[in-house]
Amino acid sequence: MSKELIVPIVVPILFAIIAVVVFLAGDRLRPDAWRQDDDEAAHGLVLDLVNMFFAAVVAFVVVIAWQQYDNAHAHTVDESKALIEVYSAAGDLSDAERLTVQNLVRDYTDEVVSKEWSFMDDHERLSEEAQEKLDDLGAALVAVQSADPKVIDARASALTALGTVEEARFDRALDAAYHLPPFLYIALWLATAMLMCGTVLSGVVVTRRSLIMTALFGLVIGGVIIAVYQLDRPFSGGNVVSRDAFELALARFESNS
C-alpha cells in the first residue's frame, strides 16, 4: 500500500489512540470535583464536535467545488467572447480571407457546442477534432499577407483574440480534468460516518418520531453528498457547466453572416 493511502488511515487512528490515552491519564489526574456521575456530558461534547466537524468539512468542500465550477463557466465566457472578437476582426480582411477565417471560427464554435461538450462529459478532456479546427483557424490567420494597414491591424487584432481563445481553452482543459483532492472526500465520508453514528451514541429511544427525524436527517446528509459530487466535475456528471456562451456566439455569427 502506498504512502498516500497509508497516511490518511494511520494518522486518524493514531490520534484516536492518543485521545483515549489522554482521556485515561487525565481521569487519574483530574480533581474529584471535576468528575460526573454519568457520561451524558461526554456524549453531548462529542456530538457537538462531530456536528461542527461535519459542517466545517462540508462548507470547505462546497466552497472549493463551487469556486471551481464558477471559474470553469468564466473560462467558457472568456473563450466565446474572444471567438466573437476574432470573427469581428476578420471583417476587415479581404473577401476571400474574411470568408475563410469567419467560417473556421463558426466551425470551431459549432464543434465545441455540438460534439466537444458531450466528449468532455464522457472523457473529462478536450477533443482532438476541436483542437484541429482551432489550429486550422490559426494557420489561416498567419497566412494572411497584405500591405494594407487596415488588413494588417485586423490580422493583429484577430491573432491577439485567438491567443485569448487558446488560453481560455487551455484553462477549460484543466477544468474538464479537475477533481477534488482525495483527502477531502476521505474527510467528508469520515465526518458523515461519525454523524450517522451519533444517533446511536446519543442513546435516543427508537420511536416513530425519532425514526422520522432520523430519516429526514439522512435525506439532508444525502442531499449534501450529492451536491458535492455534482459540483466536483464542472464538465461531467449531473451539473455540467452551461454551453450558453458558445451558443450565444453562434447566434451572433449567424446574425452577422
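Which residues is Val86 in contact with, leaving aside its neighbours within four places in sequence?

**View 1. The surroundings of Val86.** Let's start with the answer: Val101, Val105, Leu137, Leu141, Ala158, Ala161 and Leu162 are in contact with Val86, once neighbours within four places in sequence are left aside. Contact here means heavy atoms within 4.5 Å. This is a predicted model, where local features need pLDDT of at least 70 and side-chain atom pairs count only at pLDDT 80 or more, while totals for chains, interfaces and linings use all residues. Residues are numbered from 1 along each chain as its sequence is written, and side-chain values use heavy atoms, with hydrogens and water left out.

**View 2. Helix H4 alongside helix H5.** Helices are DSSP runs (H or I, at least four residues), numbered from the N terminus. The axes of H4 (residues 128–142) and H5 (residues 149–176) come within 10 Å and cross at roughly 160 degrees. Therefore H4 is roughly antiparallel to H5 (angles over 145 degrees count as such, on a scale from 0 to 180 degrees between N-to-C directions, with axes fitted to C-alpha atoms over the stretch in contact). Among the residues that meet here are Leu134 and Leu137 in H4, and Leu159 and Leu162 in H5.

View 3. Gln102 lies in helix H3. At 10% relative accessibility, Gln102 counts as buried (under 20% relative accessible area, with a 1.4 Å probe and protein chains only). Not counting residues up to four places away in sequence, Gln102 touches Tyr87, Ala90 and Gly91.

Notes. Helix = DSSP H or I, 4+ residues; strand = E, 2+ residues; numbered from the N terminus. Parallel < 35°, antiparallel > 145°, perpendicular 65-115°, else oblique. Buried < 20%, exposed > 50% of the residue type's maximum accessible area, 1.4 Å probe, protein only.
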